[in-house]
2 protein chains.
Amino acid sequence: MPANPTLYAYLRGEILPYDQAFLHVSDLSIQRGYGIFDFLKVENGQPLFMEHYLDRFYHSAQLMELAIPLERSALQEAVFHLIDKNNLPLSGIKMILTGGYSLDGYQPVEPNLMIVQQPVTMPTQEQLQKGFEIITHEYVRDIPAAKTINYSVGIKLLSQIKAAGADDVLYHQGCVVSEFPRANFFIVKQDDTVVTAAQDVLKGITRKNVLEIAGRTFKAEEGTITLQDIDQAKEAFLTSTTKRVMPVVKMDGYAIGDGTPGPVTLALLEELLKLEKHSAQR
Amino acid sequence: MPANPTLYAYLRGEILPYDQAFLHVSDLSIQRGYGIFDFLKVENGQPLFMEHYLDRFYHSAQLMELAIPLERSALQEAVFHLIDKNNLPLSGIKMILTGGYSLDGYQPVEPNLMIVQQPVTMPTQEQLQKGFEIITHEYVRDIPAAKTINYSVGIKLLSQIKAAGADDVLYHQGCVVSEFPRANFFIVKQDDTVVTAAQDVLKGITRKNVLEIAGRTFKAEEGTITLQDIDQAKEAFLTSTTKRVMPVVKMDGYAIGDGTPGPVTLALLEELLKLEKHSAQR
């Protein structure tokens, strides 16, 4: 168990040591994988873009017909309380909401809410300079708009990613691409238009921030990205809370653009870092 | 919590009271819905068709690249031990295997195995005489051949089933039907051929038994069933461990056949009951 006795968690209304945070096996996440979550980054006690992550958490809950047992202000307070108590320099806060201690192992009941905080590591300069190599896989997530806990396909693909010597897998249906298991996808076209997939994706908070930043300097849009569009793109990158903006330089063994991290990608990362610095929530 | 202090469970190598069976929140079922399970019925101390359920459990584990921590004989012994200790007249044994206490909340580690036993209720005479009304939904499960714990779509559809006054939901893709969230589907054609869907289904043990039984008297086959085939069918039914053979009399508001449980369906149920009586495992 990845227990760290100095860390605390929130579980079903209580703050308790993380290594004592257990759920009964009747919980619907264990029985039926039924739950949602969200994940935000905390730097020096400041949760970044917290309002957006809370918006999405409540939206996912609504889509999956689960009621979050705390009002938004109380949830925010619980998060702040944990942040203060754990006092980590750089960390992630994960809020998980499950279908509860189901009586029949199928029907949702009163949901179980937990909040855990763990240190995170961000991409190194070396990773950024190298960029990611990716493979592709035909798949659309079950309920793309909801951040559910279902990662069966993504996790099952880990061995294929590794076997290919790649870093991640991009989902597509037919020739249209959507997203990574845990990140959004962007391309930079030859005319410097920045495009991210519009359909069948989880709307990432970093995706939203990068669209906004890109729109200041370039044409930026949500649209359709085909595998052919990627072949013809100048640059490609992925976005996520922990990866920020990560260049994608190779797909299924073929170079994207000139096969190195591109200037538009790196400029957007610079701008995102500035935006993060200004997003203190309290 | 549905705790019954007189029941015992198996959890990570230990036999302990069911109400003390907890998993740490780092478990990959809670973090990412990553796990498999299987479920078999026990009557008067006799697990029914146990070898088939164990075969499938090991097969699902292999498909999801999870290693069951017990050899087959040791797993069987643990199941027998629980059955003897709990001493229930009619129950279900559920074996769940998860991705384990993941260090990073994504990568599977040493799996966690648990076995729980709970009383089950079988269909009543009244339910059998009435039959099931069903609705349809376009969906194919992620990894149909594996009995994963992912029921996000099935559980999300519970409110639609209820709103329609129906009993279950049949998945289809285009005009081809596959399965229910927790049961297989059969039709009886005008020439008394008994057909069940071949593709994109979990291969149910009751499905296998019913195919075998049906083959003794009728033509019985795995094949393609379209929505049009159902409109033209004489009878339809579903099969599962706890529903056995349940007539399906109405789909999306329209009667199937004459809208009542059919003679072939009921004959197959009779034969299944006889087969269950002869399937004692020890």
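1. Start in chain B with one residue pair. Tyr10(B) stands opposite Ile115(B), which lies in β7(B). The strands β1(B) and β7(B) pair in the antiparallel sense over two bridges. Strands count as paired if DSSP finds at least two bridges between them. Helices (H or I, at least four residues) and strands (E, at least two) are DSSP runs, numbered from the N terminus.

2. A word on the source. This is a predicted model, in which local features need pLDDT of at least 70 and side-chain atom pairs count only at pLDDT 80 or more, while totals for chains, interfaces and linings use all residues. Residues are numbered from 1 along each chain as its sequence is written, chains are lettered from A and ligands numbered from 1 in the order in which they are written, and side-chain values use heavy atoms, with hydrogens and water left out.

3. Stay with β1(B). This strand (residues 8-11) is joined to β2(B) (residues 14-17) by four bridges, and the two run antiparallel. Ala9(B) stands opposite Leu16(B) in β2(B). The two strands form a hairpin with two residues between them. Arg12(B), in the turn, has a positive phi of about 50°.

4. Now look at the sheet in chain A. Six strands form an open sheet in the order β2-β1-β7-β6-β4-β5, with antiparallel pairing. Which strands stand at the edges? They are β2 (14-17) and β5 (46-47) of chain A; each has a single partner strand, so one side of each is left without a neighbour in the sheet. Strand β4 (residues 35-43) of chain A is joined to β5(A) by two bridges. Val42(A) stands opposite Pro47(A) in β5(A).

5. Next, how the copies are related. Chain B can be laid on chain A with an RMSD of 0.0 Å, by a turn of 180° and a shift of 0.0 Å along the axis. The two copies are thus related as by a two-fold rotation axis. In chain B, the C-alpha nearest the axis belongs to Gly33(B), 2.1 Å from it. The superposition is by least squares on the C-alpha atoms of residues with pLDDT of at least 70 in both copies.

6. The interface comes next. The contact (heavy atoms within 4.5 Å) takes 48 residues from chain B and 48 residues from chain A. 100% of the interface residues of chain B are also interface residues in chain A, so the copies meet through the same surface.

7. How much area is buried between chain B and chain A? About 4500 Å², of which carbon and sulfur atoms give 61%. His24(B), Arg32(B) and Tyr106(B) supply 16% of the area that chain B buries against chain A, more than any other three residues. Buried area is the accessible area (1.4 Å probe) that two parts lose on being put together, summed over both.

8. A strand pair also crosses between the chains. Strand β3 (residues 22-24) of chain A and β3(B) pair in the antiparallel sense over three bridges. Leu23(A) has Leu23(B) as its bridge partner in β3(B).

9. Finally, salt bridges (a side-chain nitrogen of Lys or Arg within 4 Å of a carboxyl oxygen of Asp or Glu). Across the interface of chain B and chain A the rule finds zero. One salt bridge is formed by Lys234(A) with Asp192(A), with the closest N and O atoms 2.5 Å apart. This pair links distant parts of the chain, 42 residues apart.
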